[in-house]
Amino acid sequence: MWMLLQVEAVKKALQDLQMNVVEMTDESATLDGGDVLFTGREFFVGLSKRTNQRGAEILADTFKDYAVSTVPVCDSLHLKSFCSMAGPNLIVIGSSEEAQKALKTMQQMSDHRYDKLTVPDDAAANCVYLNIPGKGHVLLHRAPEEFPESVKVFEKLKEHMLIPRGQFRVVQSGRMPDLLLTTDQQVARPLRDGRTQPRVPGNKCTLRPLLTIRH
């Protein structure tokens, strides 16, 4: 019930701003904001317990001018549980095996070469980057009291204004708030070149890199 209230509140706020809202009417589709990483050039979508292939397809149909690639998420709650954008061309990524496998998948799927910033703690990789007029590059990240070694890595970003935050308010997943993605485009062309291997029951994740979409 709480999630439905959140959805309706956000929908109304966007409509009041006269933004185009694309709703997923396919009941089989799931797409969580924590699994959607927009780099400014393309989308990476984590396939997790909360996001499935159909949700990724609808995202691809909506943002027709961008490539969409899927990334298996086996053990973490979301893709952005261990990675996020820390700049226009910079991916911050955790050090765990899962995080590094996801990074390798993204590198294989993309035609673009991103810079990377590896931090010791996966949770610290979930930060928020802002490009603010008059301020430049701004990065909101977890506090030194939580992840001191990861903060030392962030401090190497000399051109960024670093804003450490204390314990973020835990909302279900305990991660930082997701930023909304909006578009003025309409739903357009169908998915192309999609391949999928389903998850099978059990503890072992059997997902493989699934799809890259080029419009």
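**Salt bridges**

The model is predicted, so I kept to its limits: local features need pLDDT of at least 70, side-chain atom pairs count only at pLDDT 80 or more, and totals for chains, interfaces and linings use all residues. Residues are numbered from 1 along each chain as its sequence is written, and side-chain values use heavy atoms, with hydrogens and water left out.

**Lys11 and Glu23**

I looked up the salt bridge between Lys11 and Glu23 and found the closest N and O atoms 2.8 Å apart. The pair links distant parts of the chain, twelve residues apart: Lys11 sits in helix H1 (residues 2–16), and Glu23 in the loop between H1 and strand S1 (36–38). Helices (H or I, at least four residues) and strands (E, at least two) are DSSP runs, numbered from the N terminus. I noted Glu23 as partly exposed, at a relative accessible area of 48%; buried means under 20%, exposed over 50%, and partly exposed in between (1.4 Å probe, protein chains only).

**Arg50 and Asp32**

I then turned to Arg50, which forms a salt bridge with Asp32, the closest N and O atoms being 4.0 Å apart. This pair also joins distant parts of the chain, 18 residues apart, with Arg50 in the loop between strand S2 (42–47) and helix H2 (53–62) and Asp32 in the loop between H1 and S1. Arg50 is partly exposed at 31%, whereas Asp32 counts as buried at 16%.

I found Lys101 and Glu97 paired at 3.2 Å, N to O. Both lie in helix H3 (residues 97–109), four residues apart, about one turn of the helix, and both are exposed. I also recorded a network of salt bridges that links Asp26, Arg54 and Glu57.

**Asp35**

Is Asp35 buried or exposed? I read a relative accessibility of 0%, so Asp35 counts as buried; the residue is in the loop between H1 and S1. Leaving out residues up to four places away in sequence, I listed its contacts (heavy atoms within 4.5 Å), among them Phe44, Arg50, Val73 and His78. The Asp35 side chain makes a polar contact with the side chain of Ser48 at 2.6 Å and reaches the backbone nitrogen of Leu79 at 2.8 Å. A polar contact is a pair of N or O atoms within 3.5 Å; within protein, one must be able to donate a hydrogen and the other to accept it, and residues adjacent in sequence count only if both atoms are side-chain atoms.

Definitions and conventions. A salt bridge is a side-chain nitrogen of Lys or Arg within 4 Å of a carboxyl oxygen of Asp or Glu.
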